[in-house]
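Walk through this protein model with the structure open beside you.

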Amino acid sequence: MTGARIGRIIRRLRHERNFTQQALAGRLGISTSYLNLIEHDQRTVTAPLLIKLTRILDVSIEALSGIEEHRLEAQLLEALADPTLGGQSDIPVHEIAVLATQPTIARAILSLYKTACAARRTPQDAQAHTHPIILPQDALRQLYETRNNYFDELESFAESVRYQLARDNGLPEGESLPPYETNRAVAARLRHHHGIIVQVSLLDGKLKHYDPTSRILIISEQMPRESRGFLLCSHLMMLEANSVMAPIIHAYGPISKETDMFMRLGLANYAAAALLMPYMTFVQKARALRYDIENLAAHFGVSFHQAAHRLTSLQKPGERGVPFFFARVDPAGNIIKSFSACGFPILQQGNPCPRWNACTAFLTPGRFHVDIVEFTNGKTFLTFARTITGAKTNYHQAPPISTIAMGCSIERAKEIIYADSLNLQAPPAPVGLTCHLCDWTDCRSRAFPYGEKNHPMPYELVTDWRSAL
């Protein structure tokens, strides 16, 4: 993070928290005029002052390093390069950086871009509505980003439910409820509190079926125990956490019924993870195991996917874990789910860089791919990826496979067990956001040669590129 950016970030965070310059300066122990100079990038921020800012503004060091701005920069670069918005792929980097420091304008552009993308998929909806068209999954991603994927109210609610489950089973506290008892305890609560009977049976073509008339919830026996448990917890939270979820969704703004249901399901899944993996117990174990996902999954009796995703929500003030990015990618290169708390740029539409291990992990299913990667803006990250396989719904269907890719800023790499096998001083591998937005010139993995995004490439270079493949 350059000093030329941090002043703008401090000013944005101050406005978001409704601090006047005088009030923030007083709490920092500096003069208002000195804070004004900092916010206009005319004074540097010392280390002691930086620590005070994280405490007073209730943010991590990473937030002051420009995570939000880096995320907006990547999204703006992608949006403005799309032909829908004119295909402006040659906008100077410094202009994108300045635009990213104006979050209201930046998000308006991104909203326009997502509306255009949605209209391409459903043109009839574009004609029928005058308000921006935001797909439910995009709305949920925006909700997660605005809250940095941490919902304190859902954490507290899940803790209270876990405490009740423990007491119902004769245990003194929620943390003492062992993983192998949780599924049974949740099923018992569904029966006793909601009159819902849980059955595990063979279902053809689906993994779950709920009949509201008979109040019978059938879960496919094809699902592993960890997935059954998560589904039970999510169903319970859909029933019991409505009063907690409603204000969160309402604060987001006007949405469609479909988006409302999608958000409720997403928040119920968040609460289910909090129920299975209590925050303080999980973050302490994660630090002790150095974020070893497989061991965390085994300890809490959850799946690899569930443990990995839970790591992205460890952003409680005063008890934050390592800020991770997370992406789930299918074999076609579609990014099914994503979140970034460390400034790692993740594509919103289209296919990611083929050199990123989120893509190359498909070559050796079940094995970890660990790498250090660098983008053309100089940002460097530790990234690790592994495939996961889902449950199939019948004999004739191939089980779905996808890749879970995670990572963090290179400055936090020593805290992660996956970095142990790497030479952190070695040159990082160059990656890009996607081929048509990539500035690396020496790459044989391109979908098309360098030069097409900014200017025509000479015929002889095009010939050399193609013949070299």
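Of the 469 residues in the protein chain, 47% are buried. Buried means under 20% relative accessible area, exposed means over 50%, and partly exposed lies in between (1.4 Å probe, protein chains only). The model is predicted: local features need pLDDT of at least 70, side-chain atom pairs count only at pLDDT 80 or more, and totals for chains, interfaces and linings use all residues. Residues are numbered from 1 along each chain as its sequence is written, and side-chain values use heavy atoms, with hydrogens and water left out.

The protein chain has 20 helices and nine strands. These are DSSP runs numbered from the N terminus: helices are H or I with at least four residues, strands are E with at least two. Now take the contacts, meaning heavy atoms within 4.5 Å. Among those between residues at least 6 apart in sequence, 59% join residues at least 24 apart.

Six strands form an open sheet in the order 5-4-8-7-6-9, with mixed pairing. Two strands pair if DSSP finds at least two bridges between them. Strand 5 and strand 9 are the edges, and each pairs on one side only.

Strand 4 (residues 325–329) and strand 5 (residues 335–340) pair antiparallel over five bridges. Arg328 stands opposite Lys337 in strand 5. The two strands, strand 4 and strand 5, form a hairpin with five residues between them. Gly333 in that turn has a positive phi of about 90°.

Move on to strand 8. Strand 4 and strand 8 run antiparallel and are joined by five bridges. Phe326 has Met406 in strand 8 as its bridge partner. Strand 7 and strand 8 are also antiparallel, over nine bridges. There, Leu382 has Cys408 in strand 8 as its bridge partner. Strand 8 is mostly covered, with eight of its nine residues buried. In a regular strand the side chains alternate between the two faces of the sheet.

Strand 6 (residues 369–374) and strand 9 run parallel over two bridges. Glu374 has Pro430 in strand 9 as its bridge partner.

Next, look at the rings. The structure holds 15 aromatic pairs. Rings of Phe, Tyr and Trp (its six-membered ring) pair if their centres lie within 6.5 Å; planes under 30 degrees apart count as stacked, over 60 as edge-to-face and the rest as tilted. Phe344 and Trp356 make a tilted pair, 5.3 Å centre to centre with 35° between the planes. Both Phe344 and Trp356 lie in the loop between strand 5 and helix 19 (357–360), 12 residues apart. Phe344 is buried at 3% relative accessibility, and Trp356 is buried at 5%.

Phe384 and Tyr418 are tilted as well, at 4.5 Å centre to centre and 35° between the planes. Phe384 lies in strand 7 (residues 380–389) and Tyr418 in the loop between strand 8 (401–409) and strand 9 (429–430), so the pair ties together parts that are 34 residues apart in sequence. Phe384 is buried at 2% relative accessibility, and Tyr418 at 10%.

Phe384 and Tyr418 belong to one aromatic cluster with Tyr291, Phe304, Phe324 and Phe368. What sits over the ring of Phe304? It is the charged end of Arg386, 4.0 Å from the ring centre. A charge sits over a ring if NZ of Lys or CZ of Arg is within 6 Å of the ring centre and within 35 degrees of the ring normal.

In helix 2 (residues 21–28), the buried residues are Gln21, Leu24, Ala25 and Leu28. Seen down the axis, the buried residues of helix 2 fall within an arc of 100°, so they line one face. The arc is that of the directions from the helix axis to the C-beta atoms. The face turned away from the buried side of helix 2 carries Gln22, Gly26 and Arg27, which are exposed. Just after helix 2, Gly29 takes a positive phi of about 80°.

Asp138 lies in helix 10 (residues 136–146). Asp138 is buried, at 5% relative accessible area. The side chain of Asp138 makes a polar contact with that of Arg141 at 2.8 Å. A polar contact is a pair of N or O atoms within 3.5 Å; within protein, one must be able to donate a hydrogen and the other to accept it, and residues adjacent in sequence count only if both atoms are side-chain atoms. Not counting residues up to four places away in sequence, Asp138 touches Lys114 and Gln349.
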